[in-house]
Amino acid sequence: MRIVRAVALTAIAVLATGAGACTAGGDGASVTVLASWTGGEGAAFREVLDRFTARTGIRVDYQGTRALTQVLTAEVQKGTPPDIAVLPSPGDLAGYVRRGAVRPLDDVIDTSAQQSHSPRWLRLEQLDSGSGRARYAVAVKTSLKSLIWYDPRRLPDLSRDAAPTWDQLIRLSERLSTGGPVWCMGLGSTPVSG
């Protein structure tokens, strides 16, 4: 059985007008972080941040909000973005990079850390900045968003080594269609299921 997956990448981005505090050390240094974790998730994240503060002496001002996009957009427009934003996807990050609101992380991340990531993860953390590829994010979480289960022996059109492209799935759908449905879909009912 082969599984095709689509994932959403949650990434940390350092915003362009902030980040100075990120490199400050010790006494009185602080960093602002904006993310969507609230309630129990927010409390758990604050525990991680408290341990970070205990180890480094850098105070973290955390704001958790379910209106992440709206809050971040407003703060960027006002010129008061957080130092760090935890964004839900590379697409969201790309919009801020295009507007020049995000600073590359290449000068603050040890390049030897790249050895611990696969090349595919590193590509997700990089965006084409016009002058080459710069690392703008650190992946902190992935969320499975969809699955297609199939038996590769019955569907030889689909590669065994890589996820099929959208065009391949469309061609397969056209070939399999006999006037009835070709695919079925399962949906969740929670507020965040999409």
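## Surface and burial

The accessible surface of the protein is about 12400 Å², and carbon and sulfur atoms hold 53% of this area. Areas follow the Shrake-Rupley method with a 1.4 Å probe, and for residues only the protein chains shown count as cover. Of the 194 residues in the protein, 32% are buried (under 20% relative accessible area; exposed is over 50% and partly exposed in between, with a 1.4 Å probe and protein chains only).

This is a predicted model, in which local features need pLDDT of at least 70 and side-chain atom pairs count only at pLDDT 80 or more, while totals for chains, interfaces and linings use all residues. Residues are numbered from 1 along each chain as its sequence is written, and side-chain values use heavy atoms, without hydrogens and water.

## Fold and contacts

The protein has six helices and eight strands, in the order β-α-β-α-β-α-β-α-β-α-β-β-β-α from the N terminus. Helices (H or I, at least four residues) and strands (E, at least two) are DSSP runs, numbered from the N terminus.

Among contacts in the protein with a separation of 6 or more, 72% join residues 24 or more positions apart; a contact means heavy atoms within 4.5 Å.

## Aromatic pairs

Rings of Phe, Tyr and Trp (its six-membered ring) pair if their centres lie within 6.5 Å; planes under 30 degrees apart are stacked, over 60 edge-to-face and the rest tilted. The count by this rule is two aromatic pairs. The ring centres of Phe45 and Tyr62 are 5.1 Å apart with planes at 70°, so this pair is edge-to-face. Because Phe45 belongs to helix α2 (residues 39-56) and Tyr62 to strand β3 (residues 59-64), the pair ties together parts 17 residues apart in sequence.

Phe45 and Tyr62 are both buried. Ring pairs join Trp37, Phe45 and Tyr62 in a cluster.
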